Amino acid sequence: MRILSSSNQIFVISAPSGAGKTSLVDALLNKDTNIVGCTSHTTRPIREGEIDGENYHFVNESEFVNLIKNNYFVEHANVFGYRYGTSELELENTLNAGLDVILEIDWQGAEQVRKVYDNCSSIFILPPSLSELEERLRSRGKDTPEVIKARSQEAVKEIKQCDNFDYVIVNDDFDKALRELVTIINSARLETGKQLLKLAPLIKNLVRDA
Ligand code: 5GP
């Protein structure tokens with residue numbers, strides 16, 4: 001377990017595909033400038049409208065394997081037959097710059113990050129129903145019917161992991177789910193351990209004459 005001396009926090013957010021995780025995170029990042037995402041590496045083919053280096057760093061299998069060999073990733077996993085991983089350097093540079101980080105990763109990655117960092121809160125997003133999940137996957141029009149079928153089946157496996165997370169949000173009403181996400185993030189920032197690091201000078205001053 002790596003205990004960071006910084007008061008900055010890692011938030012891990014996972015959800016089955018189509019639960020609305022990316023839209024929630026995008027809305028959060030627009031509202032809150034003290035938290036940023038990390039650009040993962042993946043071997044998945046680039047989708048229409050995606051930008052290399054922005055949505056993901058798109059790499060081939062041998063490049064990914066080389067990065068693993070060089071201990072480049074703080075976590076990595078195989079999701080839907082493709083590899084995904086988070087750069088340890090990017091994550092730590094962001095924390096050291098005084099920002100919080102939100103990682104949009106699957107449950108396997110969440111498990112790995114939890115084991116490495118003590119300053120990590122994990123959030124799971126549930127869809128209101130499986131039929132709504134499938135409908136969202138269809139209507140976003142990014143995937144073929146075969147991929148949508150595979151992703152719906154995977155969703156159940158992923159949902160079974162929700163009890164390992166610190167917080168669970170149901171994304172039925174987007175604005176409500178966003179408010180709940182903001183509440184989780186703000187309350188995690190106020191935990192005593194983090195506040196003691198941040199407020200050490202104030203507390204020292206307050207108890208000086210006691
Ligand atoms: P998509 O290909 O639809 O963008 O993402 C597929 C899944 O991979 C999502 O559940 C997403 O959260 C997960 N994912 C994206 N980046 C990473 C990563 O760096 N590590 C892990 N473990 N999962 C990731």
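A: Start with the polar contact, a pair of N or O atoms within 3.5 Å; within protein, one must be able to donate a hydrogen and the other to accept it, and residues adjacent in sequence count only if both atoms are side-chain atoms. Here an N or O atom in the side chain of R151 is 3.0 Å from an oxygen atom of the ligand. K21 has a polar side-chain atom 2.5 Å from an oxygen atom of the ligand. For E75, a side-chain N or O atom lies 2.7 Å from a nitrogen atom of the ligand.

Q: How much of the ligand does the protein bury?
A: Accessible areas come from the Shrake-Rupley method with a 1.4 Å probe; for residues, only the protein chains shown count as cover. The ligand taken alone exposes 510 Å², and the protein buries 93% of that.

Q: What kind of model is this, and how are residues numbered?
A: This is a predicted model, in which local features need pLDDT of at least 70, side-chain atom pairs count only at pLDDT 80 or more, and totals for chains, interfaces and linings use all residues. Residues are numbered from 1 along each chain as its sequence is written, and side-chain values use heavy atoms, with hydrogens and water left out.

Q: Which residues come nearest to the ligand?
A: A residue is near a molecule if one of its heavy atoms lies within 4 Å of it. There are 17 residues around the ligand, and K21, S40, R44, Y56 and Y84 come nearest.

Q: How do these residues divide by class?
A: Ala, Val, Leu, Ile, Met, Phe, Trp, Tyr, Cys and Pro count as nonpolar, Asp, Glu, Lys and Arg as charged, and the others, Gly among them, as polar. The shell around the ligand has six nonpolar, four polar and seven charged residues.

Q: Where does the ligand sit?
A: On a 1 Å grid over the protein atoms alone, a pocket is an open set of points where a 1.4 Å probe fits, with protein on both sides within 12 Å along at least five of seven lines; lining residues have an atom within 4 Å of a point. A molecule sits in a pocket if more than half of its atoms lie within 2 Å of its grid points. The ligand sits in the largest pocket. That pocket is lined by 42 residues, with K21, T22, R44, Y56 and E104 nearest its centre.

Q: Which element gives the most to this lining?
A: Helices (H or I, at least four residues) and strands (E, at least two) are DSSP runs, numbered from the N terminus. Helix 1 gives the most to the lining of the largest pocket, six residues.
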